[in-house]
Amino acid sequence: YLVGMIIGLLAALWHNSWFDQLSRVLSVFGSAIPAFWLGLILIIFFSVNLGWLPMGGMRDITKVDTGFNIAESLPYMVMPVLVLALGIIAVVSRYTRIQVLEVLGQDYVRTAYSKGLSNFYVNFYHVARNALIPIITLLGGAIGALLGGAVIIEQVFSWPGLGRLVIEAVSQRDYPLIMGSVVISGFMYIVGLLFSDLLYGLIDPRIRLS
């Protein structure tokens with residue numbers, strides 16, 4: 001989300017520049033390409049051909065089991081995280097760019113520039129804060145939908161995550177596990193909405209509670 005908002009903000013501020021054109025191409029690229037196809041392409045290129053990254057899993061199963069180690073698991077996380085985040089970055093950057101361009105055309109922004117305020121102050125305190133209000137609304141649903149999007153990625157990269165666990169529970173008719181997964185997914189969605197409400201007050205002072 002943060003990467004997408006930064007890309008969208010810079011693309012709008014540098015409108016019609018090479019960065020703006022590149023961000024638009026990447027947003028279309030990230031939105032149009034299926035996640036499973038991109039994951040397979042990355043596996044073929046970085047794992048099979050170059051041998052830089054492992055093909056799947058969470059850790060090297062040939063080593064002695066010493067528990068979870070983030071340094072050991074990091075190479076296994078690069079491709080799954082990239083594929084999972086690319087679609088979100090594409091949508092958020094494109095939506096942020098549209099909102100920032102709309103705010104830049106408002107009268108109060110032109111008034112702020114005419115008063116001699118610096119570009120950083122106007123872009124951060126006037127443009128970005130008003131443009132990010134609709135973007136924050138997407139955050140609540142995105143956290144809850146993260147579980148559904150991770151199912152395909154975990155299957156492609158053989159990652160033993162929660163989404164893959166739900167698929168196995170459905171195929172085995174493990175109803176307690178299915179109900180527990182639904183509760184976790186609903187809890188994630190509620191936490192996302194609560195986080196969005198808290199960010200509303202941080203971005204827009206008019207929404208803050210006394």
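1. Val83 counts as buried because its relative accessibility is 5% (buried means under 20% relative accessible area, exposed over 50%, partly exposed in between, with a 1.4 Å probe and protein chains only). Val83 sits in helix α4, residues 70-104 (helices are DSSP runs of H or I of at least four residues, numbered from the N terminus).

2. The model is predicted: local features need pLDDT of at least 70, side-chain atom pairs count only at pLDDT 80 or more, and totals for chains, interfaces and linings use all residues. Residues are numbered from 1 along each chain as its sequence is written, and side-chain values use heavy atoms, with hydrogens and water left out.

3. Beyond its neighbours within four places in sequence, Val83 is in contact with Ala35, Leu38, Gly39, Leu42, Ile153 and Phe157 (contact means heavy atoms within 4.5 Å).

4. A polar atom of the Ser93 side chain is 2.8 Å from the backbone oxygen of Ile89. Leaving aside neighbours within four places in sequence, Ser93 contacts Gly4, Ile7, Gly8 and Ser27.

5. There are four aromatic pairs (rings of Phe, Tyr and Trp, the last by its six-membered ring, with centres within 6.5 Å; planes under 30 degrees apart are stacked, over 60 edge-to-face, the rest tilted). One of them, Trp18 with Phe19, is edge-to-face, at 6.0 Å centre to centre and 85 degrees between the planes. Trp18 is exposed at 65%, whereas Phe19 is buried at 18%. Trp14, Trp18 and Phe19 form one aromatic cluster.

Conventions
Helix = DSSP H or I, 4+ residues; strand = E, 2+ residues; numbered from the N terminus. Polar contact = N/O pair within 3.5 Å; in protein donor to acceptor, adjacent residues only side chain to side chain.
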